[in-house]
Amino acid sequence: MRSEDRVDQTDARLLRALNDTPRATMIALAERTGLSRNTVQARLARLEEGAALRPFEHRISPAALGYRLTAFITVQVAQRRLDEVASSLAGIPEILQVQGVSGSTDLFVQSVAVDADDLYRIAGEILAVPGVERTNTSLVMRELVKYRITPLLRRAMGEASPEDG
């Protein structure tokens, strides 16, 4: 991440207010953070252009669209074909995210499926991608800690976490 994309304490305060009330207006965010409306607008624009604010689609539950199974699939690929494999995987709608990782595997793929038969089909599509050598699929049985960012925002704001007592 470039240094100009880094979040300062004021950005963190603004992001926390936005996280707490995602549909808040610029005026409401300004009131909550103690910033001017123009400052809020400028900072949000900069955060949207950089890497700090992700697309809205991260908030949409795949289960609400009928995709009740989530799986994490590790993929080993022929190294010279890594970009080609990633591009092909991006063409499979049920694949939510692909990350390049270190270690004994090359890619960490998050996928969703309607049911076990659908997951079998998706796994077959992944294996059919030229350059994919091996996969290993793990089903998510239960989400134990939901995706969260608030503890990191608190830290960026300079606040003590509740665990610090």
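This is a predicted model: local features need pLDDT of at least 70, side-chain atom pairs count only at pLDDT 80 or more; totals for chains, interfaces and linings use all residues.
Gln99 stands opposite Phe108 in E3. Between E2 and E3 the pairing is antiparallel and extends over five bridges, and Ile95 has Ser111 of E3 as its bridge partner. Six residues separate the two strands in the hairpin of E2 and E3, and within this hairpin Gly103 takes a positive phi near 110°.

The pairing continues from E3 to E1, where seven bridges are formed in the antiparallel sense, and from E1 to E4, which likewise run antiparallel and are joined by seven bridges. At the pairing with E4, Ala71 has Leu139 as its bridge partner. Taken together, the four strands form an open sheet whose order is E2-E3-E1-E4, with antiparallel pairing.

Helix H4 (residues 82-90) packs on it, touching E1, E2, E3 and E4, and the direction of H4 makes about 15° with that of E3. Helix H5 (residues 116-127) lies across E1, E2, E3 and E4 and runs at about 155° to E4.

Packing between helices was examined for two pairs that share H3. Two packed helices are described by the angle between their axes and the distance between the axes. For helix H2 (residues 26-33) and helix H3 (residues 37-49), the angle is about 105° and the axes are 8 Å apart; H2 and H3 are therefore roughly perpendicular to each other. On the side of H2 this contact is made by Met26, Ile27, Leu29, Ala30 and Thr33, and on the side of H3 by Arg37, Val40, Gln41 and Leu44. The contact of H2 with H3 comprises six nonpolar, two polar and one charged residues.

H1 and H3 pack at an angle of about 90°, and their axes lie 11 Å apart, which makes H1 roughly perpendicular to H3. Here Thr10, Asp11, Leu14, Leu15 and Leu18 in H1 meet Val40, Arg43, Leu44, Arg46 and Leu47 in H3. Six nonpolar, one polar and three charged residues make up the contact of H1 with H3.

The remaining feature concerns space left open by the protein atoms. Rolling a probe the size of a water molecule over the atoms shows where empty space is left. In this model the largest pocket holds about 2400 Å³ of space. Its lining consists of 49 residues, among which Arg54, Pro55, His58, Arg59 and Tyr147 lie nearest the centre of the pocket. At least two residues of the lining are supplied by each of helix H1 (9-20), strand E1 (69-77), strand E2 (95-100), strand E3 (107-113) and helix H6 (150-156). By class, the lining of the largest pocket divides into 30 nonpolar, seven polar and twelve charged residues.

Key: Residues are numbered from 1 along each chain as its sequence is written. Side-chain values use heavy atoms; hydrogens and water are left out. On a 1 Å grid over the protein atoms alone, a cavity is a set of points where a 1.4 Å probe fits but cannot get out, and a pocket is an open set with protein on both sides within 12 Å along at least five of seven lines; lining residues have an atom within 4 Å of a point. Grid points are joined across faces, edges and corners, and a volume is the space filled by probe spheres set on the points. Ala, Val, Leu, Ile, Met, Phe, Trp, Tyr, Cys and Pro count as nonpolar, Asp, Glu, Lys and Arg as charged, and the others, Gly among them, as polar. Axes are lines fitted to C-alpha atoms, for helices over the stretch in contact, and angles run from 0 to 180 degrees between N-to-C directions. Angles under 35 degrees count as roughly parallel, over 145 as roughly antiparallel, 65 to 115 as roughly perpendicular and the rest as oblique. Contact means heavy atoms within 4.5 Å. Two strands pair if DSSP finds at least two bridges between them.
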